[in-house]
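Hello,

Here is the structure for you to look over. My notes follow below it.

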Amino acid sequence: MMAKRNEATKTQAVDAIQARIADLKALLNSYQNAGTNLAAAQAAVTSANQAVADASAKLAALKQQLGVDQTAVAAAQVAYDAAVANQAAAQAAQQTRLAQERALQEVENQAQGLKQTSSAVTLSKASNKQAPVKTTEQQLPQTGNDEGLLASALGMVLMALATAFGIQKRKED
């Protein structure tokens, strides 16, 4: 029995030594392939370094383009602001011009109305000379009113024309 026990112990020891030998052989193979593995790893590191360098160059180019684009955007913003200011000034000038045209039209309308009134007064005056108005005891004769109205109408027409030409002259300046 003892011999069987010794034999079993020896078999276990042999099995353990064989397992250890297999581990050592695998380790030896690993050491033998370490140079190849190291070269492959170094190639991978070199490739990764090259990829990083390429990416860095692209990043630098993109940053430079971003700077150019930001400058262009700033210039475009300045141009846009100037265009908005010019548009506002043009609208204000147009409103001023329209107001002046309306004022001129109003003056012309007033002048036209005064001409018509003046013509009517002249016709009325001529009619008065042909047929004198009969007065009664209750009505006083009217004298000099037609001439005053004519003078007022002519004065208004002259003022309207002077104003119209004054506005037109300022507009041209």
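This is a predicted model: local features need pLDDT of at least 70, side-chain atom pairs count only at pLDDT 80 or more; totals for chains, interfaces and linings use all residues.

E101 has a partner: its side chain meets that of R97 in a salt bridge. The N to O distance there is 2.5 Å. R97 is partly exposed as well, with a relative accessible area of 31%. Both E101 and R97 sit in helix α1. Four residues separate them, about one turn of the helix.

How many salt bridges does a search of the whole structure find? It finds one.

Now the nonpolar surface. L24, L27 and Y31 make a nonpolar patch there. Its area is about 320 Å². L27 belongs to helix α1, which covers residues 2-130. Is L27 buried, partly exposed or exposed? L27 counts as partly exposed, because its relative accessibility is 40%.

Last, the chain as a whole. Its secondary structure comes to two helices and zero strands. The chain has 173 residues, and buried ones make up 5% of them. A residue counts as buried when its relative accessible area is under 20%. The accessible surface of the chain comes to about 14400 Å². Carbon and sulfur atoms hold 60% of that surface.

Over to you.

Best wishes

Technical notes: Residues are numbered from 1 along each chain as its sequence is written. Side-chain values use heavy atoms; hydrogens and water are left out. Patches are made of residues with over 30% relative accessible area and no salt bridge: like charges are joined within 9 Å, nonpolar side chains (Val, Leu, Ile, Met, Phe, Trp, Tyr) within 5 Å. Accessible areas come from the Shrake-Rupley method with a 1.4 Å probe; for residues, only the protein chains shown count as cover. A salt bridge is a side-chain nitrogen of Lys or Arg within 4 Å of a carboxyl oxygen of Asp or Glu. Buried means under 20% relative accessible area, exposed over 50%, partly exposed in between (1.4 Å probe, protein chains only).
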